[in-house]
Structure formats: C-alpha cells, structure tokens
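Here are my notes on this model, as numbered points. Please read them with the structure open.

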Amino acid sequence: MTRVKYILLPLFLLLSPMSVAAQGTNVAFGTIRQDTSLPVEVTADNLSVDQATGTAIFTGNVLIGQGEMRLSAARVLVVYRAEAEGIARLEATGGVTLVSGPDAAESERADYDIDAGTIVMTGNVLLAQGRNALSSDKMSVNLSDGTAQMSGRVRTTLQPGGSN
C-alpha cells in the first residue's frame with residue numbers, strides 16, 4: 001500500500017492544478033518575433049492631444065496594431081519622443097488584452113516601451129496558450145525574442161495528455 005502512495009503522489013501532483021511559487025516563470029509568447037520598428041496603428045472613439053507635454057490620450061474601444069501584435073484597452077496614453085521623433089511608449093489601462101499569434105494575455109495595465117521592445121503587464125494577468133492558462137501579478141514580454149516572464153504568485157493549470 002505504501003508503494004502505491006509513492007506512485008500516485010507524483011502523478012496526482014502532475015495532473016492537478018499547480019501553483020508555482022518561484023521567483024518567476026519563463027514562457028514563450030506569440031509565434032513570431034515582433035519588429036518594434038513597424039508603424040503603430042491606433043484606432044479609438046476619442047483622441048485628446050497635449051502639445052505641451054508631448055502626449056496623446058486615446059479613449060473608448062482603443063485598438064493598437066503593430067505587425068502581427070494587437071493590443072486593446074479602454075484608455076491608452078501615447079508618450080512621444082522629444083521633437084515628435086516618434087513614439088517613446090504606450091500606457092494602456094482598463095481591460096487590457098494583448099494578442100500575438102495564438103497567445104492572448106489580459107491585465108489591468110500594460111506599459112509598452114517601444115525602444116526596449118518590452119511590454120510589462122500588471123494587475124491580474126492571465127495568459128492563455130491553447131488549452132493551458134497561467135496567471136500572475138506581472139508579466140514582462142520581450143518582443144525581440146518572443147519570450148515572457150511571469151512573476152508574483154504565478155499559478156497555472158496544465159492539461160495532461162495530448163497528441164504531440
């Protein structure tokens with residue numbers, strides 16, 4: 001009977017939902033490497049521009065596209081570089097969704113640093129990859145190599161089996 005416990009315990013732990021309490025978890029994100037030099041297309045219900053601060057605020061059904069990547073949110077602040085030399089960063093808030101290839105992530109906030117090629121999502125982050133899902137407090141996406149790191153109470157549900 002003791003031998004059966006030793007066999008079933010690892011199997012149970014493998015098949016049950018897992019809570020990952022490590023410093024962070026690295027995962028793939030998206031199917032392609034994102035070219036951050038591509039144009040950024042923004043559509044929204046409203047736009048407010050402040051020339052003095054070099055910012056623009058898009059509100060209402062905001063959809064941002066760059067290459068194969070799509071980001072949607074209720075509000076997006078666009079911060080321009082000095083002398084209007086392009087976009088420095090985007091700050092999205094309110095029901096943020098990021099989609100790249102088959103992967104999709106949701107959070108309360110996302111900060112996209114164009115020059116660094118990174119997106120940091122915070123606040124109830126949920127990443128869906130096929131049948132698997134991960135959640136955490138924070139996810140940092142590196143667009144140049146298509147990877148992400150999740151940190152802050154990472155939790156995942158792994159689906160056993162499959163036809164790989």
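1. On a 1 Å grid over the protein atoms alone, a cavity is a set of points where a 1.4 Å probe fits but cannot get out; lining residues have an atom within 4 Å of a point. Grid points are joined across faces, edges and corners, and a volume is the space filled by probe spheres set on the points. By this rule there is 1 cavity of 30 Å³ or more.

2. A word on the source. This is a predicted model, in which local features need pLDDT of at least 70 and side-chain atom pairs count only at pLDDT 80 or more, while totals for chains, interfaces and linings use all residues. Residues are numbered from 1 along each chain as its sequence is written, and side-chain values use heavy atoms, with hydrogens and water left out.

3. The overall layout. The protein chain has 1 helix and 12 strands. These are DSSP runs numbered from the N terminus: helices are H or I with at least four residues, strands are E with at least two. The order from the N terminus is α-β-β-β-β-β-β-β-β-β-β-β-β. Of the 164 residues, 30% count as buried (buried is under 20% relative accessible area, exposed over 50%, partly exposed in between; 1.4 Å probe, protein chains only).

4. Back to the cavity. The largest cavity holds about 40 Å³ of space. Its lining is Ile 64, Leu 71, Leu 90, Glu 91, Ala 92, Ala 110 and Tyr 112. S7 gives the largest share of that lining, 3 residues. S7 and S8 each supply at least two. The lining divides into 6 nonpolar, no polar and 1 charged residue. Here Ala, Val, Leu, Ile, Met, Phe, Trp, Tyr, Cys and Pro count as nonpolar, Asp, Glu, Lys and Arg as charged, and the others, Gly among them, as polar.

5. Which residues have the most contacts inside the largest nonpolar core? They are Val 76, Ile 119, Met 121 and Met 139, in a core of 29 residues. Such a core is a set of buried Ala, Val, Leu, Ile, Met, Phe, Trp, Tyr and Cys residues joined through side-chain atoms within 4.5 Å. The elements giving two or more residues to this core include S5 (55–66), S6 (69–80) and S9 (118–129).

6. Look at Ile 119. Leaving aside neighbours within four places in sequence, its contacts include Met 69, Leu 98, Ala 110, Tyr 112, Met 139 and Val 141. Contact means heavy atoms within 4.5 Å.

7. Pairing around S5. Two strands pair if DSSP finds at least two bridges between them. S3 (residues 41–43) runs antiparallel to S5, joined by 3 bridges, and Val 42 stands opposite Ile 64. S4 (residues 46–50) pairs with S5 in the antiparallel sense over 5 bridges; Ser 48 has Ile 57 as its bridge partner. S5 and S6 are antiparallel over 10 bridges. Their hairpin has 2 residues between the strands, and Gly 67 in the turn has a positive phi of about 60 degrees.

8. Finally, S10 and S11. They pair in the antiparallel sense over 5 bridges, with Val 141 opposite Ala 148. Their hairpin has 4 residues between the strands, and Gly 146 takes a positive phi near 70 degrees. Along S11, Ala 148 and Met 150 point to one face and are buried.

Notes
1 Å grid on protein atoms, 1.4 Å probe; cavity = no way out; pocket = protein on both sides within 12 Å on 5 of 7 lines; lining within 4 Å.
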